[in-house]
Amino acid sequence: ILADYSLKDGETGLDAIAAIRRAHGPIPAAIASADRTPDVRKRCEAGGVPFMSKPIETLALLDLISAAPPQVA
């Protein structure tokens, strides 16, 4: 999952990731955001979700995907 941090109605990508993980297990995820404030980074860190600043560099995204654990279907 690559989710934007800021979603509609005050929800965050962290909320969406948590809901998906509750339903489907420990799916790899990261947050992408133009909001680079320490608060957003701390929330991602506390949730165990990597943070990526927008605009996302292609190589950084490829590194993140490569580092994700394989999923068993």
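What radius of gyration would a compact globule with 73 residues have, and what does the chain have? A compact globule of this length would have a radius of gyration near 11 Å, and the chain has 12 Å, which agrees. The radius is taken over C-alpha atoms, and the globule rule is 2.2 Å times the number of residues to the power 0.38. The model is predicted: local features need pLDDT of at least 70, side-chain atom pairs count only at pLDDT 80 or more, and totals for chains, interfaces and linings use all residues. Residues are numbered from 1 along each chain as its sequence is written, and side-chain values use heavy atoms, without hydrogens and water.

Three helices and three strands are present in the chain, in the order β-α-β-α-β-α from the N terminus. These elements are DSSP runs numbered from the N terminus (helices: H or I, at least four residues; strands: E, at least two). The C-alpha trace spans about 35 × 30 × 20 Å along its principal axes. Of the 73 residues, 22% are buried, where buried means under 20% relative accessible area, exposed over 50% and partly exposed in between (1.4 Å probe, protein chains only).

K54 lies in the loop between β3 (51-53) and α3 (58-67). With a relative accessible area of 31%, K54 is partly exposed. Apart from neighbours within four places in sequence, K54 is in contact with D4, A32, S33, A34 and R36; contact means heavy atoms within 4.5 Å. Between K54 and A19, 35 residues apart in sequence, the C-alpha to C-alpha distance is 23 Å.
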